[in-house]
Amino acid sequence: MPEGLWLRAERQTAGRGRQGRAWASPVGNLYASTIVRLRPADPAAATLALVVAVAVEEAVSLFLPAQEPAGLALKWPNDLLFDGAKLAGILLERAGDAVVIGVGINLADHPHDLVRPATSLAAHAPAPDAALVLEALADIFARWLARWRGEGIAPVRDRWMIRAHPPGTALTARLPDGSSVDGLFDRLDADGALILRLADGTARVIHAGDVFLI
């Protein structure tokens, strides 16, 4: 599969998110995948999560009324929320020198029986056609990918911070070893890792884990 090509499914029978969790995939939403072929001079592959996140946020904002995009917020590393409910998810998997990127955006429908709230664009505006959203996303992602390669992670990180939930937002991070850390969102470090401010005033850097609003 060449870089720059996107594949879109009308529906999925076995959609999945992070850590193998099921991803509901009814007709009318966007389910799309692409691939990035890593080059020797590219920034760290893990920072592609931020690249995809800012591209998805920018693309979705095009299909909301002018007053609505303020409800959008990015949650580390690459979930898109609307008023605190999950609107889109992104999954990255590396295979050799390639990173496969999967994007799921709730356009027409969203699950109602989750522990954490979800939402869809249809809950806030007329649901756009998935093909039109993908066309916008492909163009925007290509632009951000070029900046990532040409300028490094800094401009991507800056855009992510602008569109993230505000500093001071209470978060809990579930780490790969099964432990959890509660703290307040502080910022991203220079490499895109999450920095939480703990109750005792110290900073904790999170490089991997699931993060949730408290």
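1. A crossing of two helices is right-handed if the near helix is turned clockwise from the far one by less than a right angle, and left-handed if anticlockwise. By that rule, H1 and H2 cross in a right-handed way. Please keep in mind that this is a predicted model.

2. Start with the pair H1 and H2. Helix H2 covers residues 130-151. The axes of H1 and H2 come within 9 Å and cross at roughly 140°. Angles over 145 degrees count as roughly antiparallel, and 65 to 115 as roughly perpendicular. H1 and H2 are therefore oblique to each other.

3. Which residues of H1 meet H2? They are Leu48, Val51, Val52, Val54, Ala55, Val56, Glu58 and Ala59. On the H2 side stand Ala136, Leu137, Ile140, Phe141, Arg143, Trp144, Leu145 and Trp148. This contact of H1 with H2 holds 14 nonpolar residues, no polar ones and 2 charged ones.

4. Now take H1 and H3. H1 spans residues 48-61, and H3 spans residues 154-163. Their axes lie 9 Å apart, at an angle of about 50°. H1 and H3 are therefore oblique to each other. The crossing of H1 and H3 is left-handed.

5. What makes the contact between H1 and H3? H1 supplies Leu50, Val51, Ala53, Val54, Glu57 and Glu58. H3 supplies Val156, Arg159, Trp160 and Arg163. The contact of H1 with H3 divides into 6 nonpolar, no polar and 4 charged residues.

6. Look again at Val51, Val54 and Glu58 of H1. These residues take part in the contact with H2. Val51, Val54 and Glu58 also take part in the contact with H3.

Technical notes. Residues numbered from 1 in each chain as written. Predicted model: local features only at pLDDT ≥ 70, side-chain atom pairs only at ≥ 80, totals over all residues. Heavy atoms only, no water. Axes fitted to C-alpha atoms, helices over the stretch in contact; angles between N-to-C directions. Helix = DSSP H or I, 4+ residues; strand = E, 2+ residues; numbered from the N terminus. Parallel < 35°, antiparallel > 145°, perpendicular 65-115°, else oblique. Contact = heavy atoms within 4.5 Å. Nonpolar A, V, L, I, M, F, W, Y, C, P; charged D, E, K, R; others polar.
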